[in-house]
Amino acid sequence: MLASRGKRTEFERQALAHLDALYGAAYRLTRNARDAEDLVQDSLLRAYRFWDSFQQDSNCKAWLLRIVTNTFINEYQRKKRSREVLDAASAEQDATDGVLVQASAFDKQSPAQAMLANSVSDDVQRALDSLPDDFRTAVILCDMQGLSYKEIAEIMECPVGTVMSRLFRGRKLLAAALRDFAVSEGYVKNAGEDPTKKTIDLEKYRATRKAREGSQ
Amino acid sequence: MSLCESIDTLAMAYLDDELAAEERHELEAHMTECAACRAQLDGERHEHMMLRNALVAPPAPDMLRAKIGIALDGEDRAARRRWTGYLLPGSAMLAAAAAIAMFVGVKPAGEHEVGTVSREAVRQQMRQLPLERGPETGNWLHANFQLDPQPNDNLLGTRLLPHGVNGHDGALLAYQMDLEGRRFVATVLAVRDIRDEEMQDGDEVKIGERTLHVMQQDGQTAVSYVDSRRHIGFLYMAPDIAPNELVWLAGSGLLPPR
């Protein structure tokens, strides 16, 4: 009994301190206040059940965000799968083809979906809707939650290089979508260089840098 | 590969504070010499801040905070509770079931002319006001409604509405309930100094000793009950359960707990 009270106190002190952050992430992941509440409550209950397995010296917020992200992917995404406009497999490819593809994805929404999306969300939520899940998750974890590339790589179970490339492309797409909503003129393909085609590779840079130093 | 060639990668890692100290110093030194890279970094920094500002989300609602506390209480108790089993004595359950059968048999509740007190009560209930919890709340509830919330009531919180419902003192009480594993929130708006007829709108239903009224407003079902002896009106709402379940809940006398 005493042990369980101690567990509750510790959990409230360490985990519930991040409630606003978790809700924020869930709000941007689900793009819906009601789903966000359910997601946070389910995730925290899960976290409480597995509290004994949390390593006290590690980053509690990152651990909790991992649970939120996984719960979202496993349960909330499945529910939404049917109204997902883009096929998951082609989404990443399409997104790299530039903003225009994302714009046509919007047009594929039914009027009912579009109305629902408009009624419950702001421009940011709609812009986030236009991102593939992996890009959106990377941006949320980095730009909202301030996690490091390494922490995001652990949560998303992918190499750091992949995190960087998702983050770079996700940010470019989101910024473009936000700008377009701001001027509410629809999408115009950028005549200049497509930023999403750029290569992001820190490892390659480090390798060349090391070689350069070695030759000096 | 020169710094200029890798500026996309470097600017991003720099702004995310992911560069090693040496790499950072090298880039900063390069910035003082190369106007093109400096312009690019400034542009990226601007975009970075724009995104961060755009992504700021609202804080967690009070109701969520309260709900999580209750969910953890439930987890602590380990035993899953069902209000159908542990709160209602067997005979009352049978009576309630019979009444529901009657109600369902009569007719579906349609839109009715809803009286002003009821209409205002429904409106207040749908406002999603922040909930309060504290000693003053308890004192006010006791003094005005002879209600004394107990720790095990599953009360999420209350919102006091002095003079809030057409000049009547009111108190909104939100409870977390569990119906066969489905969690939902039920709200009860208690209104003081009510004459029987002031909140009797919609279809009349009798459950056990209680006479209830079922009304529809703004697409929501609400059930009212007036305690004639104490002149207190109660309006029940729970959007996540079926209307007949709400009628049962209102007729059961479970909420607000005495």
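**Close-up views of a predicted model**

**View 1. Strands S5(B) and S6(B) pair side by side.** In S6(B), B:Val223 is the bridge partner of B:Val214. This view, like the others, comes from a predicted model. Strand S6 covers residues 220–227 of chain B, and its pairing with S5(B) is antiparallel, over six bridges. The two strands form a hairpin with two residues between them. B:Asp218, in this hairpin, has a positive phi near 50 degrees.

**View 2. Strand S5(B) also pairs with strand S4(B).** S4 is made of residues 203–207 of chain B. Five bridges connect S4(B) to S5(B), and the two strands run antiparallel. B:Glu204 is found opposite B:His213, a residue of S5(B). Here too the strands make a hairpin, with two residues between S4(B) and S5(B). In the turn, B:Gly208 has a positive phi of about 55 degrees.

View 3. S5 spans residues 210–217 of chain B. Of its eight residues, seven are buried, so the strand is largely enclosed by the rest of the structure. A residue is called buried when its relative accessible area is under 20%.

**View 4. Helix H12(A) from end to end.** H12 consists of the 14 residues 202–215 of chain A. At 1.5 Å a residue, the helix should span 20 Å, and its end C-alpha atoms are 20 Å apart, which agrees. At the start of H12(A), a side-chain oxygen of A:Asp201 comes to within 3.2 Å of the backbone nitrogen of A:Glu203.

**View 5. The two sides of helix H12(A).** An α-helix has 3.6 residues a turn, so residues three or four places apart point the same way. The buried residues of H12(A) are A:Leu202, A:Tyr205 and A:Arg209. Seen down the helix axis, these buried residues fall within an arc of 60 degrees, so they line one face of H12(A). The face turned away from this buried side carries exposed residues: A:Glu203, A:Lys210, A:Ala211, A:Gly214 and A:Ser215.

View 6. B:Arg65 belongs to helix H4, residues 62–77 of chain B. With a relative accessible area of 39%, B:Arg65 is partly exposed, because that class lies between the 20% limit for buried and the 50% limit for exposed. Leaving aside residues up to four places away in sequence, B:Arg65 touches A:Leu19, A:Asp20 and B:Ala60. B:Arg65 and B:Leu156 are 91 residues apart in sequence, while their C-alpha atoms are 9.2 Å apart in space.

Conventions:
Residues numbered from 1 in each chain as written. Chains lettered and ligands numbered in written order. Predicted model: local features only at pLDDT ≥ 70, side-chain atom pairs only at ≥ 80, totals over all residues. Heavy atoms only, no water. Helix = DSSP H or I, 4+ residues; strand = E, 2+ residues; numbered from the N terminus. Expected span 1.5 Å × (residues − 1). Buried < 20%, exposed > 50% of the residue type's maximum accessible area, 1.4 Å probe, protein only. Arc of directions from axis to C-beta. Polar contact = N/O pair within 3.5 Å; in protein donor to acceptor, adjacent residues only side chain to side chain. Pairing = 2+ DSSP bridges. Contact = heavy atoms within 4.5 Å.
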